[in-house]
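Please keep the sequence and the structure in view while reading.

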Protein chains: 2
Amino acid sequence: MIQLTPAEESYLKAIYHISDGGKRSVSTNDISFQMKTKPASVSDMLRRLGEKEVIEYRKYYGVNITEEGKKLALQTIRKHRLWEVFLVEKLRFSWDEVHEVADELEHIKSKLLIQRLDEYLGFPKFDPHGDPIPDEYGDVRSRPRLTLSELDINATGQLVAVKDSSAAFLRYLDKVGAYIGARIKVLDKVEFDGSVEILVDNKKTIFMSKDVAGNVLVMV
Amino acid sequence: MIQLTPAEESYLKAIYHISDGGKRSVSTNDISFQMKTKPASVSDMLRRLGEKEVIEYRKYYGVNITEEGKKLALQTIRKHRLWEVFLVEKLRFSWDEVHEVADELEHIKSKLLIQRLDEYLGFPKFDPHGDPIPDEYGDVRSRPRLTLSELDINATGQLVAVKDSSAAFLRYLDKVGAYIGARIKVLDKVEFDGSVEILVDNKKTIFMSKDVAGNVLVMV
DNA sequence: ATTTATTTTTCGATTAGGCTAAAAAAGTTA
DNA sequence: TAACTTTTTTAGCCTAATCGAAAAATAAAT
Ligand SMILES: [Mn+2]
Ligand SMILES: [Mn+2]
Ligand SMILES: [Mn+2]
Ligand SMILES: [Mn+2]
């Protein structure tokens with residue numbers, strides 16, 4: 001089995017995410033933006049990841065993740081999300097506090113640790129942001145999801161995930177009372193600015209701007 | 001507050017342990033042996049730790065840990081031992097499986113994580129090997145301990161810790177039925193080879209070689 | 001007091017990961 | 001097609017952490 005350094009794992013995970021699970025090829029600039037490193041550093045890393053054959057690297061034309069790369073990326077994602085569940089469920093972290101810590105914890109190398117953690121958490125299928133947790137073989141049970149913006153008036157659904165996991169966005173959702181699992185109904189959509197009015201759990205009405213609604217994922 | 005890299009934290013922790021909490025000065029070779037790195041690498045690291053003023057470094061004459069260094073080392077030790085408790089108590093690791101994983105986990109940088117972990121574990125005072133867990137200010141409630149070899153015939157006590165945390169040693173203790181917390185009584189001591197015969201929990205009699213008895217710590 | 005042995009440091013390399021500045025390739029516009 | 005813009009790569013440099021070989025300092029033995 002190929003061994004990756006923590007930095008290599010992080011880059012590969014970023015490539016996996018940006019490529020939407022390997023569906024699209026990814027540019028140096030996109031990776032640079034996501035990783036907050038300079039394009040020059042990315043080029044260097046791409047050469048190394050290419051040598052390890054976890055990506056296919058054609059200079060100047062972006063990269064594609066290989067099957068081997070996908071597997072490894074999914075293992076890192078699995079660890080990241082399991083740790084996020086642990087932090088929220090067991091250590092009372094709020095969902096906007098977990099990401100940075102999980103970004104460190106995901107690189108701990110111990111098969112047993114992750115197996116046992118998974119078991120200890122009761123084999124969770126989704127992380128605190130509603131993202132699916134790959135199993136130990138990298139299989140993901142993904143659900144069809146739409147953004148809140150895509151729903152029509154009077155459509156109902158359940159809030160199942162968020163596209164943006166930034167602390168600012170998550171705290172905003174907390175403030176307005178939106179949470180993973182909430183039953184929602186679209187009461188109104190404003191054509192003009194793309195904002196929506198939704199009813200949460202048949203109780204509370206909340207307004208969301210286009211930006212917010214576009215980052216909230218629902219299952220119908 | 002001074003920021004140390006993971007490697008610097010590990011070296012400082014080693015220096016703290018070898019110096020017995022700062023009581024003795026420590027040689028390059030000793031550190032090299034403990035860290036399993038070459039003396040050349042140690043010299044280089046000592047220069048860096050000296051610059052950060054966590055040790056006092058006089059070339060050719062070994063190092064002494066500073067007060068600041070002690071504080072930082074104790075924080076790393078605290079994290080290491082809390083993670084060990086977590087692995088054993090929550091994830092069903094055995095006491096011989098925790099050390100390597102804890103050596104990685106101890107470098108995760110999050111104040112909140114350690115506070116919450118401590119709370120979640122019920123503020124444990126000792127790790128799975130009987131070693132005391134420093135509090136968040138670095139205070140250690142240490143107990144007077146003797147090795148089993150130092151007890152006289154008919155002396156009684158409680159097995160409270162082990163000097164050697166190697167997997168081989170711990171598995172040997174498991175096999176013979178010795179464990180932290182066991183009540184013991186010395187039944188016989190053999191002058192010739194330094195071995196001892198002890199009664200565990202008034203039930204089981206076990207024989208221990210000098211080497212083993214010298215690594216088992218008891219409170220009388 | 002020399003000589004010998006041991007310990008420690010220095011020197012020169014290497015690998016991983018980052019940076020800036022400059023060069024080169026690709027893409028776009030005229 | 002040529003010129004300009006954007007993207008990407010290369011080149012050179014830096015820090016951290018490691019190593020082996022050689023030099024230097026200290027310690028031990030004659
Ligand atoms: Mn995350
Ligand atoms: Mn997440
Ligand atoms: Mn340990
Ligand atoms: Mn321990």
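## How the two copies meet

Of the interface residues of chain B, 100% are also interface residues in chain A, so the copies meet through the same surface. The contact, taken as heavy atoms within 4.5 Å, draws 21 residues from chain B and 21 residues from chain A.

## Basis of the model

This is a predicted model, in which local features need pLDDT of at least 70 and side-chain atom pairs count only at pLDDT 80 or more, whereas totals for chains, interfaces and linings use all residues. Residues are numbered from 1 along each chain as its sequence is written, chains are lettered from A and ligands numbered from 1 in the order in which they are written, and side-chain values use heavy atoms, with hydrogens and water left out.

## The interface between the chains

Between them, chain B and chain A bury about 1,900 Å², of which 64% lies on carbon and sulfur atoms; buried area here is the accessible area (1.4 Å probe) that two parts lose on being put together, summed over both. B:Leu91, B:Arg116 and B:Tyr120 supply 28% of the area that chain B buries against chain A, more than any other three residues.

Two salt bridges are counted between chain B and chain A, each a side-chain nitrogen of Lys or Arg within 4 Å of a carboxyl oxygen of Asp or Glu. In a salt bridge between B:Arg92 and A:Glu119, the N to O distance is 2.8 Å. On the side of chain B that touches chain A, at least two residues come from each of α4 (67-89), α5 (99-105) and α6 (111-120) of chain B, helices being DSSP runs (H or I, at least four residues) numbered from the N terminus. The largest share of that side, six residues, comes from α6(B).

## DNA strand C

Around DNA strand C there are 21 residues, of which A:Thr5, A:Ser41, B:Ser43, B:Tyr57 and B:Lys59 come nearest; a residue is near a strand if one of its heavy atoms lies within 4 Å of it. Sugar and phosphate make up 80% of the atoms of DNA strand C that come within 4 Å of the protein.

Phosphate oxygens of DNA strand C lie 3.2 Å from a polar side-chain atom of A:Tyr11, 3.3 Å from a side-chain N or O atom of A:Arg48, and 2.9 Å from a backbone N or O atom of B:Asn29.

## DNA strand D

DNA strand D is surrounded by 22 residues, the closest being A:Ser43, A:Tyr57, A:Lys59, B:Thr5 and B:Ser41, and 81% of its atoms within 4 Å of the protein belong to sugar and phosphate. Phosphate oxygens of DNA strand D lie 2.8 Å from a backbone N or O atom of A:Asn29, 2.6 Å from a polar side-chain atom of A:Ser43, and 3.4 Å from a side-chain N or O atom of B:Tyr61. With five residues, α3(B) gives the most to the surface near DNA strand D.

Conventions. A polar contact is a pair of N or O atoms within 3.5 Å; within protein, one must be able to donate a hydrogen and the other to accept it, and residues adjacent in sequence count only if both atoms are side-chain atoms.
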